[in-house]
Amino acid sequence: MPTKYLAITIAGAVSLGSYEAGATYEILDAIRQHNQHPDTIVNGDFIRIDVLTGASAGGMTAAIVSQKLLYAKDDFVDAYNNPLYNCWVKGISLAGLLNTEDKPLPDGDPALLSLLSSNLIKQISKNTLAQQDENGQIPQNGGAHNAIDPDRGIRLGLALTNLNGINYSYQLFGGGQFLYTDFSDQMLRSFSAADRSFAPWKEISEAAVACGAFPVAFRTKDLVRSQADYEPSDTLVAFPTDPYTFTYTDGGVLQNQPLGMAKNLVDKNDKHLATENRFYLFASPSAMLGEQNLELTEASANMLTVGKRLVDIYMGQSVFRDWINSQKINDQIDLLDQRARGLADALIAGTIDPAVLSAASQQVLTLLYAGADPTETQQQAEDRLAIQYAAEIGTAGDAKTLGGLDTDLAVAFLHGILALEKTANLGEKDKMRIYGVVADKSKLAGEGVSAFVGFFDQAFRDHDYDYGRTIAQKLLANPAFQQPGELGPIRYTPSAIRAIDPALTGLHLKDIPKADIATLKDGLTHRLNQILRDKLSNPLERYPAQLGADIALGLVLDWEFNRDIQG
């Protein structure tokens with residue numbers, strides 16, 4: 001049986017990186033057990049991970065998983081002592097995030113740059129991704145994980161939001177031009193298990209911090225980028241210098257679910273072939289339930305409500321874009337498959353003249369392939385379609401026969417279906433089989449305050465980590481997952497999950513222990529005092545900052561109350 005390939009996309013999550021950590025660990029453990037199972041070795045139906053993409057907290061998780069799969073397989077043998085658990089459950093703390101020092105970069109947290117300290121996130125990223133052994137290379141711990149294909153390695157993609165923007169110039173008819181500024185950015189890198197060079201991972205370590213720089217909460221991050229990082233284009237405006245330092249914030253602002261990025265990286269590996277053995281896994285702490293609100297009226301839409309609603313509208317329009325696009329493409333490919341079966345039946349039945357179809361289709365194809373060099377030649381496309389539609393053709397390869405009949409029918413079929421595919425611009429698009437490991441937010445401890453509640457207490461993060469493992473185990477045990485054509489069956493025995501405390505589900509700020517609220521209030525007061533001192537020439541009393549912290553907490557409580565009523 002052929003090897004199956006899995007691309008993993010991890011969405012933005014803030015403190016719910018703990019949920020994604022638990023879900024991702026469980027998937028990795030299942031694949032490890034599956035690939036070393038005797039039946040797998042005999043059958044050859046290995047599962048390999050070759051693409052990882054992520055946004056925000058998910059970007060850091062994707063980077064950590066990529067490095068450890070390549071060089072440190074032994075890091076992923078204990079559910080409660082592994083890089084993901086140690087990073088997202090044990091390594092994060094409210095005290096660390098509130099420990100701001102109003103002094104210059106790189107060591108301090110200048111007051112006007114953020115509410116929280118970015119230094120804890122920087123340190124976690126450095127400790128996890130940017131360590132060197134005695135030879136100045138990335139350390140090894142057992143070598144490559146059995147999920148790694150040595151010929152493919154890992155393609156990693158991190159979503160970024162470029163605050164400066166990248167300019168593209170377009171000529172206007174009749175003269176002149178307009179500039180389009182693209183703020184949605186990414187860092188794409190390829191790694192192999194044989195190369196443990198430190199410099200690329202130092203860059204990824206810094207990019208992971210930029211990827212998760214949640215606006216206002218954490219400060220922005222500068223990254224040095226080369227123009228070669230971007231797709232060659234006549235419209236790309238040259239950087240002022242090359243390389244150039246751009247300033248970045250959270251990648252989840254514009255692409256919180258980078259499935260499209262994963263598909264683009266998959267295409268570099270698969271070349272649009274063997275798509276039946278390609279699968280995608282999407283991990284997110286947010287179920288895609290939509291943002292419709294039929295309760296709003298002219299009389300009830302006050303300024304605060306409208307402001308909050310505009311945030312919901314923005315998120316609803318931008319966050320799920322990649323997911324929706326993939327579903328639309330899947331529908332288009334399903335329609336093309338229906339047309340292919342109908343065309344094959346018509347040729348076999350003799351209701352279509354193969355010579356006429358072949359000649360007409362070839363004329364259309366000559367027109368479609370004229371001009372710029374295609375990424376795929378007509379012959380390459382026909383060879384791909386011969387494999388893709390082997391059931392309709394009868395046999396694939398050099399002897400292209402259709403239903404056991406003469407070769408002319410097969411040639412006519414391939415010309416016809418390629419003309420349909422090329423006209424619909426589906427030649428570089430493949431059906432995406434996507435599995436979701438998504439949460440019911442009412443079952444999470446850290447979902448409140450825009451997913452910041454998990455930072456308050458390790459017990460909350462432990463809860464969500466174990467809930468992530470639970471959801472992943474349910475997916476792996478789903479009977480539909482075991483059917484032919486799916487990623488499963490996966491041969492593994494789930495390990496025990498600690499008892500999940502139901503009292504911690506659905507926490508909001510009002511449910512947090514008073515001692516934790518006091519810690520937050522003191523931290524915000526401390527930071528607001530730093531901001532006031534930095535902004536004004538004379539130091540102020542503590543009271544204005546205390547009042548500001550009280551107001552901020554009151555607004556959050558009111559916002560959460562209204563959200564619960566409306567949702």
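**Ala-386.** I looked up Ala-386 and found it buried, with a relative accessible area of 2%. Buried means under 20% relative accessible area, exposed over 50% and partly exposed in between, with a 1.4 Å probe and protein chains only. I was working with a predicted model, in which local features need pLDDT of at least 70, side-chain atom pairs count only at pLDDT 80 or more, and totals for chains, interfaces and linings use all residues. Residues are numbered from 1 along each chain as its sequence is written, and side-chain values use heavy atoms, with hydrogens and water left out.

**Helix α12.** I placed Ala-386 in helix α12, which covers residues 378–388. Helices are DSSP runs of H or I with at least four residues, and they are numbered from the N terminus. I noted Gln-378, Ala-381, Glu-382, Arg-384 and Leu-385 as buried in α12 too. What covers the buried residues of α12? I found that the cover includes α11 (354–368), α13 (390–393) and α14 (407–423); contact here means heavy atoms within 4.5 Å. I also checked Ala-386 against Val-411: they are 25 residues apart in sequence and 9.7 Å apart in space, C-alpha to C-alpha.

**α4 and α16.** I looked next at helix α4 (residues 83–90) and helix α16 (residues 458–477), whose axes come within 9 Å and cross at roughly 140 degrees. That makes α4 oblique to α16. Axes are lines fitted to C-alpha atoms, for helices over the stretch in contact, and angles run from 0 to 180 degrees between N-to-C directions. Under 35 degrees counts as roughly parallel, over 145 as roughly antiparallel, 65 to 115 as roughly perpendicular, and the rest as oblique. From α4, I listed Tyr-85, Trp-88, Val-89 and Lys-90, which meet Gln-458, Arg-461, Asp-462 and Tyr-465 of α16.

**Cores.** I looked up the largest nonpolar core, which has 99 residues. Such a core is a set of buried Ala, Val, Leu, Ile, Met, Phe, Trp, Tyr and Cys residues joined through side-chain atoms within 4.5 Å. Which members touch the most others? They are Leu-6, Ile-49, Leu-52 and Leu-156. Helix α3 (residues 57–71) gives the largest share of this core, 9 residues. Beyond its neighbours within four places in sequence, Leu-52 is in contact with residues including Ile-8, Ala-62, Val-65 and Leu-69. I noted a second, separate core of 21 residues, with Leu-336 and Ile-417 among them.

**Cysteines.** I found 0 disulfides, a disulfide being a pair of cysteine sulfur atoms within 2.5 Å. Cys-87 is buried at 4% relative accessible area, and Cys-211 is buried at 0%.

Technical notes: Helix = DSSP H or I, 4+ residues; strand = E, 2+ residues; numbered from the N terminus.
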